[in-house]
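Subject: Structure for you to look through

Hello,

Here is the structure I promised you. Please open it next to this email and follow along.

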Amino acid sequence: MICRRKLMNRTARLHWFSLISANLSAVDTGKRYMGHSVDSSLKSINNNNNTSIDKLSLASSLACVVDESSQSDERKPMNRLELKRFLELRIKKRVKDQFKDGKFHDLIEKVIANPYTLQDAYDSIRVNSKVNLASECDNIDFTSLAEELASGNFDLSSNIYSFSTRGENKEKLILPNLKTNVIQEAIRIALEVVYRPHFSKISHGCRTGRGQSSALKYVCKEIVNPYWWFPIILNKKIDMRILSKLISTIETKIEDPKLYSIIHSMFNVGVLNMEFGGFAKGHGLPQEGVLSPVLMNIYLDLFDREILNLSMKYEVLDTPDDSQCDESKSESKLRSWFRRQMGPNQKNEGNMSGVRVHCCRLMDEILIVIKGSKEVSQALKSEIETYLQSSLYLDFDNKTSILQCNDRRGVKFTGNVIKRSERESPAVRAVHKLKEKVELFGLQKEEAWNEGMVRIGKKVLGHGFKKVKESEIRHLADCTSVLSLVSRFRKPGMETDHWYKVLLKVWMQGQNFKSHDTEEYILSKLITEKALPEDLKDSFYTFQNEVKRYVTSETKSTVNLLPESSTSSESVYVTEVSAPLKAIRMCLHRYGIMNREGYPRACHTLVLLDHDNIIDWYNGIVTRWVKWYHLCDNFGEIKNINEKVRKSCIRTLATKYRLHETEIERKLESDLSKISLTEDSVNGILESRDLFYDEGSLYGVNYSGLCLLSLARVVSESRPCICFVIGCREAAPCVYTIHVMQRQKFPVWKTGFTSCVHPSLNRRRVGLCKQHLKDLFIGHISLQSICFDDWK
């Protein structure tokens with residue numbers, strides 16, 4: 001009976017879930033589902049199917065199952081990533097319906113100039129901006145906008161706005177308004193539907209499941225024993241030649257003159273904003289343009305295919321020698337097949353031995369890694385530069401040189417330094433660890449010795465000076481000095497400290513000390529140690545000399561004492577990724593978090609913000625560092641720098657409330673814990689990134705830069721302000737001023753701060769609601785989500 005009841009319940013659940021899935025798949029229009037439960041859908045399905053369920057013999061059991069499922073199996077609301085993919089999937093179906101005879105036809109007229117497509121694109125922008133789709137939205141007539149697009153009457157020149165820098169050399173930035181932004185988003189999704197399956201595995205930027213992490217993992221894990229490498233630094237702004245080449249490339253898969261006409265119009269009005277090597281791609285910076293990533297991937301996909309052709313040219317005819325037979329076992333099956341097809345007569349025609357060519361591209365950042373001779377690397381580099389200049393019309397830095405992979409300098413890629421270092425055997429590592437322990441023990445003993453000498457010297461001087469009467473040494477001081485005049489008005493008992501310093505100064509003049517000698521050095525070396533027994537001093541310095549001799553001794557002398565089995569193995573090199581610590585400290589100094597000496601200081605630009613906003617701003621630094629540098633081998637040093645960031649936050653809050661730093665730490669201990677880079681906080685940030693982020697879907701959000709904002713209270717009841725984030729209609733309590741702290745050219749050190757922001761946005765005012773101010777600080781939205789034209 002129990003088994004029968006379980007079987008009936010299972011059958012009822014399957015029937016029930018089939019009804020739900022059938023109902024959800026039939027929905028193609030209407031409002032989106034963010035923040036909504038599925039209870040209403042369940043009730044409607046239940047009402048529509050009451051007659052069919054009543055006909056079943058197990059009506060009572062099904063009714064119980066329905067009640068239980070409606071209470072316990074409530075569907076969770078979609079997160080940002082799921083909702084973004086759902087919206088793109090709706091557009092994807094419309095795009096695929098236009099595939100005929102090997103090409104996609106009339107995407108503008110049949111897909112993009114569709115009110116439902118424009119609505120989905122607008123909702124996609126709102127999801128990127130972290131706006132609840134159930135909230136009030138902008139007043140856009142998608143039907144009339146679709147008709148203007150289909151008829152070709154949409155005027156781009158009247159749907160843009162621009163900013164320019166102050167001064168003689170004005171730089172102009174043209175940005176799209178809301179309608180143009182929606183159209184660009186719709187075109188971006190359509191182009192990615194067409195090209196995403198065809199991109200090469202070389203490409204890692206702004207693609208589903210790929211990004212900066214996958215690029216670094218490929219370079220460090222997949223490339224075995226490389227010999228040479230060099231980066232390709234592009235530097236070119238889009239012009240008519242590049243645009244024509246790009247459109248001719250798109251024409252091979254899409255047949256749509258209206259699409260090319262719109263892209264030409266965007267280029268003519270200056271709103272396309274695509275520049276190779278000009279700024280960090282994928283950060284969601286305003287001057288990037290929504291179409292920049294997909295168009296750049298389409299254009300540089302030609303480079304990816306050329307690299308594959310060149311690699312086959314240098315590798316296929318190549319036969320590995322006997323010394324590399326172990327590595328040849330893991331070679332590509334495709335290369336082996338090509339070699340077999342060439343036949344035995346042509347097998348040995350190759351003039352290179354064991355050549356392998358690897359390429360990794362993250363948007364317009366390219367790294368070439370070669371296993372072979374330097375002559376092969378130079379020939380390949382020459383062919384690549386010729387192709388870039390003659391076929392793709394791109395400029396590049398001619399000063400980049402081919403570096404040996406074992407070079408200590410390493411190579412710059414994705415804002416990090418990639419190096420090859422020798423991995424030592426466990427026995428040698430144990431020897432080095434022992435040396436470090438001995439050195440640390442010697443330093444501890446030396447610090448204890450110096451501290452003891454200073455303490456004894458102070459006691460000796462204090463005991464001697466107490467027996468000296470002030471009347472006996474008063475004539476030694478300058479009676480006209482300021483200290484002597486001030487000492488007359490001190491209370492009884494306070495003059496002793498003054499005369500103690502006078503006597504010590506007179507005594508130091510008699511001893512003829514050097515100007516750079518400190519008080520501690522004088523007390524320990526010239527007073528206390530001279531009075532110690534000679535055998536005690538000799539034993540201490542003999543011990544210190546033995547420690548230095550052991551630490552500075554060569555490793556070979558110690559390694560020779562190890563068994564031959566532990567040192568006979570060949571050297572193994574590993575690829576390591578290092579964060580640019582010097583660049584990070586420079587950014588911290590530029591943003592006012594640290595001074596020139598590297599000590600934390602209060603950031604006065606943030607003082608006017610609320611304390612929770614200040615903590616969120618510093619928390620944004622920590623979140624970005626974890627997301628960008630968690631794969632770096634020197635991430636522990638990032639944690640050390642983060643302690644100074646936390647101290648700067650405490651001093652900023654102390655300056656704001658005029659309290660002592662210890663009082664701030666006591667009152668805001670729980671909030672300040674967000675800034676600490678503990679193991680639990682790092683794991684929490686990485687887990688949330690894996691669950692709710694995909695670089696191909698949430699463009700420019702994960703690695704968006706951090707900007708510096710100051711408060712400008714210009715909002716009043718007579719002049720209300722709405723939040724500038726696209727799709728948000730919440731009231732902005734105040735306006736904030738953006739400070740552009742740096743504008744660098746490629747290669748950019750991605751340090752978690754905003755890089756390469758156009759200078760025309762400096763001192764621009766933006767209104768933000770409380771939630772979106774927090775999201776911008778932490779990194780849940782980017783500057784690209786802000787419409788800067790809203791403040792009139």
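Arg 409 is exposed, with a relative accessible area of 57%, because the cut-off for exposed is over 50%. This is a predicted model. Arg 409 forms a salt bridge with Asp 407, and the closest N and O atoms are 2.8 Å apart. Asp 407 is partly exposed, at 21% relative accessible area.

Now some other charged pairs. How many salt bridges does the structure hold? The count is 26. In general, side chains of opposite charge can pair when their charged atoms come close.

Take Asp 239 and Lys 236. Their salt bridge has its closest N and O atoms 3.3 Å apart. Lys 236 has a relative accessible area of 15%, so Lys 236 is buried.

Next, look at helix 9, residues 178–195. Arg 188 and Glu 192 both sit in this helix. They are four residues apart, about one turn of the helix. Their side chains meet in a salt bridge of 3.1 Å, N to O. Are these two residues buried or exposed? Glu 192 counts as buried, at 8% relative accessibility. Arg 188 is buried too, with a relative accessible area of 4%. Both residues also belong to a network of salt bridges, which links them with Glu 88, Glu 185 and Arg 196.

Four strands form an open sheet, in the order 9-10-5-11, with antiparallel pairing. Strand 9 and strand 11 (403–404) stand at the edges. Each has a single partner strand, so one side of each is left without a neighbour in the sheet. Helix 13 (residues 292–315) packs on the sheet and touches strand 5 (228–233), strand 9 and strand 10. The direction of helix 13 makes about 170 degrees with that of strand 9.

Stay with strand 9, residues 356–362. Six of its seven residues are buried, so the strand is mostly covered. Strand 9 pairs with strand 10 (residues 365–371) in the antiparallel sense, over seven bridges. Val 357 stands opposite Ile 370 in strand 10. His 358 stands opposite Val 369 in strand 10. In a regular strand, side chains alternate between the two faces of the sheet.

Helix 10 (residues 212–222) lies across strand 9 and strand 10, and runs at about 165 degrees to strand 9.

Best wishes

Terms used: Residues are numbered from 1 along each chain as its sequence is written. This is a predicted model: local features need pLDDT of at least 70, side-chain atom pairs count only at pLDDT 80 or more; totals for chains, interfaces and linings use all residues. Side-chain values use heavy atoms; hydrogens and water are left out. Buried means under 20% relative accessible area, exposed over 50%, partly exposed in between (1.4 Å probe, protein chains only). Helices (H or I, at least four residues) and strands (E, at least two) are DSSP runs, numbered from the N terminus. Two strands pair if DSSP finds at least two bridges between them. Contact means heavy atoms within 4.5 Å. Axes are lines fitted to C-alpha atoms, for helices over the stretch in contact, and angles run from 0 to 180 degrees between N-to-C directions. A salt bridge is a side-chain nitrogen of Lys or Arg within 4 Å of a carboxyl oxygen of Asp or Glu.
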